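Here is a short note to read beside the model. Keep the structure open and follow the points in order.

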Amino acid sequence: MKISNNLVGLLNFITFLLSIPIVVAGVWLSKQGSTECEKFLDKPVIILGVFLMLVSLAGLIGACCRVSWLLWVYLLVMFLLIVVLFAFTIFAFAVTNKGAGKVLSDKGYKEYRLGDYSNWLQKRVSSTKNWNKIKSCLIDSKVCSTFQDKYVNDTISELYKENLSALQAGCCKPSDDCGFTYVSPTNWNNNGNTSSSNPDCNTWANDARVLCFNCQSCKAGLLDNIKSNWKKTAVVNIVFLIFLIVVYSVGCCAFRNTRRDNEYWKH
């Protein structure tokens with residue numbers, strides 16, 4: 001058997017082994033998931049695991065058993081995957097190119113405005129149905145209860161100097177425009193004399209399950225998080241794309257060798 005066939009077989013055997021824990025994790029999430037976030041992830045994880053399992057099996061059997069049509073299917077799927085990943089990488093850079101937090105004077109954190117981000121991202125969080133699911137995940141992740149516990153002993157001046165994350169600054173405290181009286185990190189008194197036109201001031205509530213989760217600043221904070229994560233993902237995708245192209249090239253050699261061997265045995 002040719003080196004290219006052996007290499008394709010080995011790579012796909014490793015991929016097949018990796019797909020097993022992914023499927024198991026997806027099934028576990030579907031059975032044990034207690035939060036909306038965990039239940040939301042189970043189907044995509046199972047689909048990803050099964051997809052990797054089937055593709056790796058096609059590549060493994062096609063390369064090791066010299067089955068031309070399986071290798072052809074494998075190469076077709078690999079080509080489509082390369083195209084999709086390339087398109088997603090370009091899209092991710094384009095969508096996350098716009099938007100950033102506003103630096104505040106004498107503050108350790110930034111303020112986030114929804115209108116600063118791309119229209120496509122804004123539409124994703126403007127949908128009430130989408131946002132209710134996201135909000136449920138944010139509450140379940142205890143992002144604001146952790147924020148409260150960590151800075152509970154801070155004075156207002158100390159809190160202003162803290163290096164807060166985008167979600168903490170956008171979802172767990174009211175906007176500085178509101179002029180609310182500080183009691184604790186997630187407890188602010190509305191004196192009723194705010195002159196700010198910021199709609200988030202009317203949305204804020206001291207209830208731990210409300211806070212500023214419905215605020216525009218919270219949606220903007222989430223988009224800033226997504227922007228940062230997508231840019232990192234896009235960079236990883238570039239490395240993965242190079243790897244896929246190399247594997248695809250080796251797969252093409254294996255396919256050519258398999259066809260040549262099959263034609264030889266026919267004669």
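Which helix and which strand each supply at least two residues of the lining of the largest cavity?

1. They are strand 2 (110–111) and helix 8 (166–171). Bear in mind that this is a predicted model.

2. Now look at the cavity itself. The search of the whole structure finds one cavity of 30 Å³ or more. The volume of the largest cavity is about 70 Å³. Its lining includes Tyr-109, Lys-110, Glu-111 and Tyr-112. Lys-173, Asp-176 and Ser-217 are also among the lining residues. By class, this lining has four nonpolar, three polar and four charged residues.

3. Turn to the second largest pocket. It holds about 410 Å³ of space. The pocket has 17 lining residues. Nearest its centre lie Thr-15, Leu-52, Phe-240, Phe-243 and Leu-244. Four helices each give at least two residues to the lining: helix 1 (3–32), helix 2 (36–64), helix 3 (68–95) and helix 10 (216–266).

4. Next, the domains. The assignment gives domain 1 as 1–98 + 226–265, and domain 2 as 106–222. Their C-alpha centres are 39 Å apart.

5. Finally, see how the domains meet. Nine residues of domain 1 are in contact with 11 residues of domain 2. The size of an interface is often given as the accessible area lost when the parts come together. Here, domain 1 and domain 2 bury about 970 Å² between them. Carbon and sulfur atoms carry 73% of that area. There are zero salt bridges between domain 1 and domain 2.

Note on methods: Residues numbered from 1 in each chain as written. Predicted model: local features only at pLDDT ≥ 70, side-chain atom pairs only at ≥ 80, totals over all residues. Heavy atoms only, no water. 1 Å grid on protein atoms, 1.4 Å probe; cavity = no way out; pocket = protein on both sides within 12 Å on 5 of 7 lines; lining within 4 Å. Points joined across faces, edges and corners; volume = space filled by probe spheres on them. Nonpolar A, V, L, I, M, F, W, Y, C, P; charged D, E, K, R; others polar. Domains from an automatic or database assignment. Contact = heavy atoms within 4.5 Å. Buried area = accessible area lost by both parts, 1.4 Å probe. Salt bridge = Lys/Arg side-chain N within 4 Å of Asp/Glu carboxyl O.
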